[in-house]
2 protein chains.
Amino acid sequence: MKRLETLSALAHQNDKKILIWVFDGIGGLPHPDTGKTELECANTPNIDAFVQKSMTGRTMAFGRGITPGSGPGHLALFGYPNDQIVIGRGVLEVLGSSKVLKDGKPVEGFTLSKGDVAARGNFATEQIVDGTAVITDRRAGKPATEVSGALIKMLSENVKIDGVEIFLLPGKQHRFSVVFRGEGLVGDVIETDPQVTGLPKLACEANRPEAARAAEVINAFVEQVTTLLADQEQARTVLLRGIAGRPDVPTLPELYGLRCGAIAAYPMYRGIANLLGFDVLGQPSNHREEIETLKANYDKYDLFYFHIKETDSVSHLGQFDEKVKIFEACDSLFQEALDLGFDAVIITGDHCTPCVLKEHSWHPIPTAFWHKDCLFDDTPKLTERGCARGILGTIPARDMVPLALAATGQLLKYGA
Amino acid sequence: MKRLETLSALAHQNDKKILIWVFDGIGGLPHPDTGKTELECANTPNIDAFVQKSMTGRTMAFGRGITPGSGPGHLALFGYPNDQIVIGRGVLEVLGSSKVLKDGKPVEGFTLSKGDVAARGNFATEQIVDGTAVITDRRAGKPATEVSGALIKMLSENVKIDGVEIFLLPGKQHRFSVVFRGEGLVGDVIETDPQVTGLPKLACEANRPEAARAAEVINAFVEQVTTLLADQEQARTVLLRGIAGRPDVPTLPELYGLRCGAIAAYPMYRGIANLLGFDVLGQPSNHREEIETLKANYDKYDLFYFHIKETDSVSHLGQFDEKVKIFEACDSLFQEALDLGFDAVIITGDHCTPCVLKEHSWHPIPTAFWHKDCLFDDTPKLTERGCARGILGTIPARDMVPLALAATGQLLKYGA
């Protein structure tokens, strides 16, 4: 965090505007038939023209060989040390959902507040052995998602703890998430999952005195839930893991004095952006609406995050040609964004998702960076191989925000 | 500093000679009309030929996106960790000047000694409110430089503190610098500037017991100065900031056993070199005299620092063509230096100063490194884009001195 302090001390905001355009899962690998990657196959004349006047390179969200999740990927994208800041799994899950329930009813646009404590949960089964309830299946036989969803609704209608709001989010099969909101909750507590069967579930305990109230609330929750599940065939109790509060990180506005606007259709990305101090703009549900949201808000913000999810979604399904088409479909939209007149523009990703792998990968992320007076290179097109030889080099992703600030004159000189 | 200790432990001096040739503000950016940088435009056949047998790359004085001042830039150039060593502003100012006064008279070739305490000062105005003197203008209405210069001369003639030598340096408008020299002075004290008007100036206090004498001296100085200014219209007192001693760093001779000679025309660079253990050679006032100084001293030193200031000076004025001409004018001088027979030669800068920006910039510094048996690459010319693809890579500037030592057989193997 020392680095963020140094950067923050040098920050000197002006009226320049920066766009970070993120193709989620941008980078790919050669198709076995052609040897060409998704980006190499895409016909994207506008992006090509942009790249030809940019400095190109590749970014790494974490160390070489490490495949980042979306949390670490986005922390790096926005300049944060993702080795020091961890977004808890429970936190990420609730950020990722529009299906949060409170008192049995859906909550519109749930966001995590400071002081909230979030956890990932499993339904589990237990039975009495020698007078003690021990866990017999940590996943309750992986119930159908509809079954566990109905249980979550029932629990949401019935669990009550004085002075605490409880938000529940159904997940796949045995999984769910829970958020506790109330005075004096600090998420620094132990998990209740004993990790093996044949042992009792653990009582939640505070790791430090300030977390005592959170431990008490979690134990009350588990007790009530266990009582409410007493006559259920499928699940008799719950185990909680990854218990954590909203990460206590300085926001981008706090660090750099920037007004930050996020444009993303998917809840998790909207949530992460919100955590880091972006205003999350509009309710766009497709790329056209995303671009219109950008245009409508151009005057009001200094730094924009523009997120395209579909490149990642189709990559997870291995749909090579679909990914190519999404790059092509976004090409003219990108030009519409450029035409707004930004002073610095980055095209990048939060990680790679090669179609041949169908999952996130460890590969460096193709990146193009343009600004006024940019030392452009001769990379002709945004591709994995082209960017690997670009003069930006292969650099930590967390350096891109500082570079964009520097390139727009928003970082003072260090030392006399 | 751990890294310096490791390097120092491995150092094994021989009779090899190293030249670090610094073009201050070396790197540039594309001219808007041609797309070519200053270095790309310069006709420098001798430097080109040198580069063609060198390994090329780029160095970074600090993190990506961070623009280094001359202090951090030179610390990195000479292998020092500039995130851990800071040269105080007052120290840099006095190093930068040939106009230091003592007892009202100019001091020839002032250098900072160990134990000296230096500070940056402002003239200020104050008035009595409810029996207390409070600051009314922290810059004393920005007096004309001639006015403040005359006040500095008057103060230099009159302020006397037993056992302490006082050196004063006039600055622009309300600014000046002061150095206290005497037994037992430790510069670890608080500033006297309250930073806002309407408050009294602060009494200087020691941050640790050893600094008590320095605080006492500074308070006595401020009191005398305030008395001496009592009948002045323009300024009634002074505020001191950036109070610090000469940085307590191991010198290059101490670290590596090298005899180090510095050739620079400008006082600040002579001063920084002196701080780090270089003998500052001659009094050259132009490039020809610098080269003659190098030749005259070639036999006496192992590591030479050769500083060309003008590339930076004209860049600050945005004089693109002038910068090109300076590179061209230095081309044959550089060959004269090469002809002396050095065993390792680095051409680099302390930072970039692109003419299109007219100020220091964050860009990596084009660098060429030659030594016997060098793994030369195919970079044809010393340019920003060429060096970006050189096989030295884009590396921390502080690694260049260790590389030069290694390349001349002056670092032992680490571990068995």
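In this predicted model, Gln52(A) lies in helix H3 of chain A, which spans residues 45–52. Around Gln52(A), 16 other C-beta atoms fall within 10 Å. The residue is therefore partly exposed, since that class lies between the buried cut-off of 20 or more and the exposed cut-off of 12 or fewer. Gln52(A) and Lys2(A) are 50 residues apart in sequence. In space, their C-alpha atoms are 36 Å apart.

Chain A is assigned two domains. Domain 1 is made up of residues 2–86 + 249–407. Domain 2 covers residues 93–245. Taken over C-alpha atoms, the centres of the two domains of chain A are separated by 35 Å. Contact between them involves 5 residues of domain 1 and 6 residues of domain 2. On the domain 1 side, 3 of the touching residues are nonpolar and 2 are polar. No charged residue occurs on that side.

The relation between the chains was examined next. Chain B can be superposed on chain A with an RMSD of 0.3 Å. Within chain B, Arg389(B) has the C-alpha nearest the axis, at 4.3 Å from it.

At the interface, 26 residues of chain B are in contact with 17 residues of chain A. Three elements of chain B each give two or more residues to this side: helix H4 (70–77), helix H5 (89–95) and helix H13 (384–388). By class, the chain B side holds 12 nonpolar, 9 polar and 5 charged residues.

Helix packing within chain B was also examined. Two packed helices are described by the angle between their axes and the distance between the axes. Helix H10 of chain B comprises residues 287–297, and helix H12 of chain B comprises residues 320–338. Their axes come within 10 Å and cross at roughly 5°. H10(B) is therefore roughly parallel to H12(B), as the angle is under 35 degrees. From H10(B), the contact involves His287(B), Ile291(B) and Leu294(B). These residues meet Cys330(B), Leu333(B), Glu336(B) and Ala337(B) in H12(B). The contact of the two helices has 5 nonpolar residues, with 1 polar and 1 charged.

Methods. Residues are numbered from 1 along each chain as its sequence is written. Chains are lettered from A and ligands numbered from 1 in the order in which they are written. This is a predicted model: local features need pLDDT of at least 70, side-chain atom pairs count only at pLDDT 80 or more; totals for chains, interfaces and linings use all residues. Two residues are in contact if their C-beta atoms, placed from the backbone, lie within 7 Å. Helices (H or I, at least four residues) and strands (E, at least two) are DSSP runs, numbered from the N terminus. Ala, Val, Leu, Ile, Met, Phe, Trp, Tyr, Cys and Pro count as nonpolar, Asp, Glu, Lys and Arg as charged, and the others, Gly among them, as polar. Axes are lines fitted to C-alpha atoms, for helices over the stretch in contact, and angles run from 0 to 180 degrees between N-to-C directions. Angles under 35 degrees count as roughly parallel, over 145 as roughly antiparallel, 65 to 115 as roughly perpendicular and the rest as oblique. Copies are superposed by least squares on the C-alpha atoms of residues with pLDDT of at least 70 in both. Domain bounds come from an automatic or database domain assignment.
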